[in-house]
Amino acid sequence: MIITGDDPEYIAFVKARLRDQFLMTDLGPLRYFLGIEVSSTSDGFYISQENYIQDLFARAALGDERTVETPMELNVKLQPTDGDPLPDPTRYRHLVGSLVYLAVTRLDISYPVHILSQFVSAPTTVHYSLLLRVLRYLRGMITRRLFFPRSSSLQLQCYSDATWTSDPSDRRLLSAYCVFLGGSLIAWKTKKQTAVSRSSVEAELHAMALLTAEVTWLQWLLADFGVSITTQHSGFV
């Protein structure tokens, strides 16, 4: 359980009440929780999953120390029939599942993980080789972290993008967005849409609609916290 707030006395009160009702141990300031590492400085907080990535390398049993600069090559269009079926897809499924959780703090792998997760039912050698590429990318970028500054503006900045007919198997688009609160990245997502867009403009509008729903929810949430914000939306192709 994580308890957070800006009133140390009330936090202490909540912990005391919980101890009265439950058997619990106070582990002190937050440093590690469910594979997520948190470090605090005078400037802000850093969130990472470096130890989780190291454990992922051990389970993947990579036999080399190679690294790559990007998690996926440009314009890769995967299909279910690419390559030969893996005799045992268990490792592929476990690694993809672990990467899905890793994307909690590593949005730089969000897109390739979304692509690879579409083939967990029947992965092939081609899919597995691209999975290993993501791991080699992480090996070279293992120290990347998310930073949340202590002081920042309360302006929401939003960015959306879409790929039109990028999937050759069903022609459906992928939309993505990210949302910043001041200098803090607070939300991001990559999602395949249910409809087939007839133009790139329609694809961008689908992406912006997805982002608008997220921003509306964030505004309501921040309003419940008593936070007054301004919103700026930027779309890019």
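Reader: Does Ser175 count as buried or exposed, and what is its relative accessibility?

Author: Before the answer, a word on the source: this is a predicted model, in which local features need pLDDT of at least 70 and side-chain atom pairs count only at pLDDT 80 or more, while totals for chains, interfaces and linings use all residues. Residues are numbered from 1 along each chain as its sequence is written, and side-chain values use heavy atoms, with hydrogens and water left out. Burial is read from relative accessible area: buried means under 20%, exposed over 50%, and partly exposed in between (1.4 Å probe, protein chains only). Ser175 has 0% relative accessibility and therefore counts as buried.

Reader: Where does Ser175 sit, and which residues does it touch?

Author: Helices (H or I, at least four residues) and strands (E, at least two) are DSSP runs, numbered from the N terminus. Ser175 belongs to strand β6, residues 174–181. A contact means heavy atoms within 4.5 Å. Leaving aside residues up to four places away in sequence, Ser175 touches Asp161, Ala162, Lys189, Thr190, Lys191, Gln193, Ala207 and Leu210.

Reader: How many helices and strands does the chain have, and what pattern do they follow?

Author: There are six helices and eight strands. In sequence order the pattern is α-β-β-β-α-α-α-α-β-β-β-β-α-β. The C-alpha atoms fill a box of roughly 60 × 45 × 35 Å along the principal axes.

Reader: What share of the contacts joins residues 24 or more positions apart?

Author: Among contacts with a separation of 6 or more, 70% are between residues 24 or more positions apart. Burial can be totalled over the chain as well: 37% of the 237 residues are buried.

Reader: How is a nonpolar core read, and which residues have the most contacts inside the largest one?

Author: A nonpolar core is a set of buried Ala, Val, Leu, Ile, Met, Phe, Trp, Tyr and Cys residues joined through side-chain atoms within 4.5 Å. The largest here has 31 residues, and Leu99, Ile109, Leu135 and Leu138 have the most contacts inside it. Two or more residues come from each of α2 (50–60), α3 (90–102), α4 (110–116) and α5 (125–140). Helix α5 gives the largest share, eight residues. Leu99 touches Leu56, Ile109, Val113, Leu131, Val134, Leu135 and Leu138, again not counting residues up to four places away in sequence. Apart from this core lies another, of twelve residues, among them Leu156, Tyr177, Ala187 and Val215.

Reader: Where do Ile109 and Asp108 lie, and how accessible is each?

Author: Asp108 is in the loop between α3 and α4, and Ile109 also lies in the loop between α3 and α4. Ile109 is buried, at 0% relative accessible area, whereas Asp108 is partly exposed, at 22%. With residues up to four places away excluded, Asp108 touches Pro71, Tyr137 and Arg144, and Ile109 touches Pro71, Leu99, Leu102, Ala103, Val134, Tyr137 and Leu138. The C-alpha atoms of Asp108 and Arg144, 36 residues apart along the chain, are separated by 9.7 Å.

Reader: Which backbone feature marks Leu34, and where does Leu34 lie?

Author: Leu34 has a positive phi of about 50°, although it is not a glycine. Its place is the loop between β1 (32–33) and β2 (36–40). At 59% relative accessibility, Leu34 counts as exposed.
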